Amino acid sequence: MGIEKQRQRRLYYLTILQITLLHFVGRQVLAQIRYSVPEEVKTGTVVGNVAKDLGLDLSTLIERRFRVVSGYKDTFFEVNQNNGALQVLDKIDREQLCHGSGACLMELKILVENPLEMHYVIVEITDVNDHSPNFPEKEQIFEIGEQTLPGRRFQLHSARDPDAGINSIRTYILTANEHFEVDVRHSDDDDKIPFLVLKKSLDREQRNRHLLFVTAVDGGKPARSGTLNVSVTVLDSNDNRPIFSKDIYQIEIQENVPIGTSIFRLNATDPDEGINSEIEYSLGKTLKKKVYDVFQLDKLTGDLRVNGLMDYEENEIFKLDVEASDKGTPPLTGECRIIIRLRDVNDNPPEIEITSMSNVVPENSKPGTVISLLSVTDRDSGVNGKIITSINSDGPFELKPSFKDNIYSLVTIGRLDREDVSHYEILIKAADCGEPSMSTHKAISIQIADVNDNSPRFLQNPLQFYQLENNVAGIFLFSVSATDRDMNENAAITYHIVREGRASDILAFLHVNPENGQISSLKSFDFETLKTFQFQVVATDSGTPSLSSNVTVNVFILDQNDNAPVILYPLSSNGSAEGVEEIPRNVNAGHLVTKVRAYDADIGYNGWLLFSLQEVTDHSLFSLDRYTGQIRTLRSFTETDEAEHKLVILVKDNGNVSLSATATVIVKLVEPKEAFAASDVKSAEKVDEEDNVTFYLMITLGAVSILFLISIIVLIAMQCSKSTDYTSKYLQETNYDGTLCHSIQYRSGDKRYMLVGPRMSIGSTIVPGSHANTLVLPDRRRASEEVRSIFNFN
């Protein structure tokens, strides 16, 4: 009881000291408030207005989750979030809550959030006189020899009153008689031990039995009492009682003493002889039940042994009343008290209590954000109860202590990035300083919530696509795709085309699927009209605010053999090309009769024209150059040769499915005189024809040149905006004499490509390919490599 009272007194002084410090330190330190309430009050009784005393806004109590987070097993108090009052939640029995007569204090933790604040309120439970003194037995019997001298003391049963302070037992009253009186001895722990004192010698022959009533009275108003019936039988015999060397023995043992260990041996002496000096030891009958469970006393040897488990945290001290009784008639007894103090052993690990927790933390939380509040406790005392708390985590977290011991905040100390780490497992370790040390671990799981802090990204920029001309309008051509490191809505990407710039008229016919980036065209492409174009696609996520990025798309239209050769000479009339050539009969072999001229709007292999004789009257007279279309004589004419010859020339390109056109040349043989005579007339006609041919040829060449220059300008602009690996250079090159065709060179990466016409460079190799008529030329930068030419065609 004394130690309990000292602990309560220390807590009281510590509370006063904290309140004083808070008064001088100011509002930066959270204040402690103290209230007082009697026990046994009704549920709902208002103890005090905590919110008002703490200076909190009553209108924000519900929003800030104003509540009591006391660590007691039973919650006796609650706060009213409507008015901030601290109310009694359950019936309070001070005697069950606080053993002993010291101050009964309860420390409550008041928690508010947004921002997080912890306040401490001390409530003192005052005692009410709700218990009457009670004796452990209704009757106590004494056998007293008549030779007993006045002044002899006999210990009475002590009454127990759970109330404390003035409401505890104040005195003992004995019914009026001439032989006995009651005397109360005060121990050092304020216990009152009643003794029956013989004030006048007994005379068995006059009266052999006395009936007395001892009344225990407490100090309450009104006072309560309890009565013990005392029966005294007067005997003859033994006149010496056993005597202990001390009235009070004090010993100290560890709380973990093994069961069966002897901790003390009693030794009482009796000056009598024989049976009157034989002593038996016994524990007092009025001890607490726990004492009989924990200790065992050998009645013959006086050896006190441990018979059960002890726990310093439940009981720091045990008080044993021991009686030594001889075997005389009547037997005499001596009394002593054994006070056993327990030494604390480090047998309790620290406990970690999470009082507030945020399991999901946004990744854009600033350093210093409070994630959790926690407290650590240890039931042991002294160095065994001193706790060292640490954190084991690879993340940007730390434990920050508060002004009150063993209260910590788990805060961030760095930036969070969900895309790098989306989940943290934090291990809190609390270890005491005992020997050996005991520790407790608490795992905290934290999820990092996504914030839209990443823009969509394209794996490659710019993108290049090759598309055959004559595509079907509205079908899927190609697709673009972007990725976003965020998640959910922040990673949901939509696409759209930037419809600005020089190619806006072309972009009007392009459509992109906003969900998957698939691009289709609402019209068909014509290589002869458009060879390349560029546009931008923007990828936008669905975050708030949304982020976006764009990619440049370069589209190259690939030629298909969709244009048939056009006969430029002989001139066409009524859908057919036919011309008449007159030559002297005396020309020699190899004489140039005429030249068939043709043009194909396609380029490369599709525009490479070959000439062949489809029909001829005499194969021995004329030859046709398959590349130039020149018609020459194979031999000199004879008198027997016919005067008129018809030659049908087939002109076809070299596409996968070749297209062709035919021209008819009528060759008339005339005598030299007639030839000279007709030469003047024909020369004028021929000049007109040649002028017409030249005129059409100039128009065609002009149109091709303008288209070529536009292509060169576009490609140069693309080259300036792209890296070396994607640079393309276009140069016009004439490779055929007599046939209009295109020859374009360009570079992509470490390869040079040429879209060629009828004639190619010496040493090149024609190889069937796909999507284009392309000649791969050796790179001049790699002189050591073998010259390779690859001709791809559709």
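A salt bridge is taken here as a side-chain nitrogen of Lys or Arg within 4 Å of a carboxyl oxygen of Asp or Glu. The model is predicted, so local features need pLDDT of at least 70 and side-chain atom pairs count only at pLDDT 80 or more, while totals for chains, interfaces and linings use all residues. Residues are numbered from 1 along each chain as its sequence is written, and side-chain values use heavy atoms, with hydrogens and water left out.

**Salt bridges**

Side chains of opposite charge can pair when their charged atoms come close. The count comes to 21 salt bridges.

| Pair | Distance |
|---|---|
| E124 and R34 | 3.1 Å |
| R153 and D183 | 2.7 Å |
| D641 and R635 | 3.1 Å |

The side chains of E124 and R34 meet in a salt bridge. This pair links distant parts of the chain, with E124 in strand β7 (residues 117–126) and R34 in strand β1 (residues 32–38), 90 residues apart. Strands (E, at least two residues) are DSSP runs, as are helices (H or I, at least four), and they are numbered from the N terminus. E124 is partly exposed at 23% relative accessibility, and R34 is partly exposed at 25%.

R153 forms a salt bridge with D183. R153 lies in strand β9 and D183 in strand β11 (residues 180–186), so the bridge ties together parts that are 30 residues apart in sequence. R153 has a relative accessible area of 32% and D183 one of 30%.

In the salt bridge between D641 and R635, D641 is buried, with a relative accessible area of 11%, whereas R635 is partly exposed at 26%. Salt bridges that share partners also join R65, R67 and E113 into one network.

**The surroundings of R585**

R585 lies in the loop between β43 (576–584) and β44 (592–595). R585 is buried, with a relative accessible area of 11%. Its side chain reaches the backbone oxygen of T638 at 2.9 Å. Contact here means heavy atoms within 4.5 Å. Not counting residues up to four places away in sequence, R585 touches F637, T638, E639, D641, A643, L669, V670 and E671.

**The second largest pocket**

Rolling a probe the size of a water molecule over the atoms shows where empty space is left. On a 1 Å grid over the protein atoms alone, a pocket is an open set of points where a 1.4 Å probe fits, with protein on both sides within 12 Å along at least five of seven lines; lining residues have an atom within 4 Å of a point. The second largest pocket has a volume of about 710 Å³, a volume being the space filled by probe spheres set on the points.

This pocket is lined by 24 residues, and Q140, I141, F142, E323 and T333 lie nearest its centre. At least two lining residues come from each of β8 (139–145), β9 (153–155), β19 (279–283), β22 (317–326) and β23 (333–343). Of the contributors, β8 gives the most, with five residues. By class, the lining has seven nonpolar, nine polar and eight charged residues. Nonpolar covers Ala, Val, Leu, Ile, Met, Phe, Trp, Tyr, Cys and Pro, charged covers Asp, Glu, Lys and Arg, and the others, Gly among them, count as polar.

**An exposed loop residue**

E205 lies in the loop between β12 (192–198) and β13 (209–218). E205 is exposed, with a relative accessible area of 57%. The C-alpha atoms of E205 and E146 are separated by 9.2 Å, and the two residues are 59 residues apart along the chain.

Notes
Buried < 20%, exposed > 50% of the residue type's maximum accessible area, 1.4 Å probe, protein only. Polar contact = N/O pair within 3.5 Å; in protein donor to acceptor, adjacent residues only side chain to side chain.
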